[in-house]
Amino acid sequence: MSLEVKKGFFTDRSEIMDDLKKTGFWPTTFISEPYPGVGVHWHDVDINGYVISGSTWVRDGKTGEKITIEAGDKLLIPRGALHAEGEVTDTVTYIVATSRPGQLLDLLQMKSPSEPVSPDAS
């Protein structure tokens, strides 16, 4: 399993809302101020990120590919997928949707690449 970026996936919020209806994911707005990025990790939840404004990059922890994400793109990170998040030099605004409800920062808790993926974490 690895992350996927769908370039130019949406042009306005109504398209995001339509996609959320299809996925059943739980959305929230997340604003990422400038920060240096984080190394390879994974999460216990499936994540869909819709980039509203700004740009940054992600690295697929499996292939090593560095992928730029920008406004209009959809980022899909399956539970357990190794990835890294790049430096944010300007503010990036996302709608982050998760496969289960909860406090976003708790759901996005980073797991070490050496930590096994729990089968009951979905």
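This is a predicted model: local features need pLDDT of at least 70, side-chain atom pairs count only at pLDDT 80 or more; totals for chains, interfaces and linings use all residues.
**Exercise 1.** Describe the fold in terms of its helices and strands.

Solution. Start with the count: there are two helices and nine strands. Then read along the sequence, which gives the pattern β-α-β-β-β-β-β-β-β-β-α. Next take the contacts between residues at least 6 apart in sequence: 82% of them join residues at least 24 apart.

**Exercise 2.** Why does the radius of gyration of the protein agree with that of a compact globule?

Solution. A compact globule of 122 residues would have a radius of gyration near 14 Å. The protein has 14 Å, so the two agree. Along the principal axes, the C-alpha atoms fill a box of roughly 40 × 30 × 25 Å. Of the 122 residues, 39% count as buried.

**Exercise 3.** Which residues of helix H1 (residues 13–23) are buried, and against which strands do they pack?

Solution. Buried here means under 20% relative accessible area. In H1, Ile16, Asp19 and Leu20 are buried. Seen down the axis of H1, these residues fall within an arc of 105°, so they line one face of the helix. Lys21 and Lys22 are exposed on the other side of H1. The buried residues pack against strands S2 (26–32), S4 (47–53), S7 (74–77) and S9 (92–98). After H1 comes Gly24, with a positive phi near 75°.

Definitions and conventions: Residues are numbered from 1 along each chain as its sequence is written. Side-chain values use heavy atoms; hydrogens and water are left out. Helices (H or I, at least four residues) and strands (E, at least two) are DSSP runs, numbered from the N terminus. The radius of gyration is taken over C-alpha atoms; the globule rule is 2.2 Å times the number of residues to the power 0.38. Buried means under 20% relative accessible area, exposed over 50%, partly exposed in between (1.4 Å probe, protein chains only). Contact means heavy atoms within 4.5 Å. The arc is that of the directions from the helix axis to the C-beta atoms.
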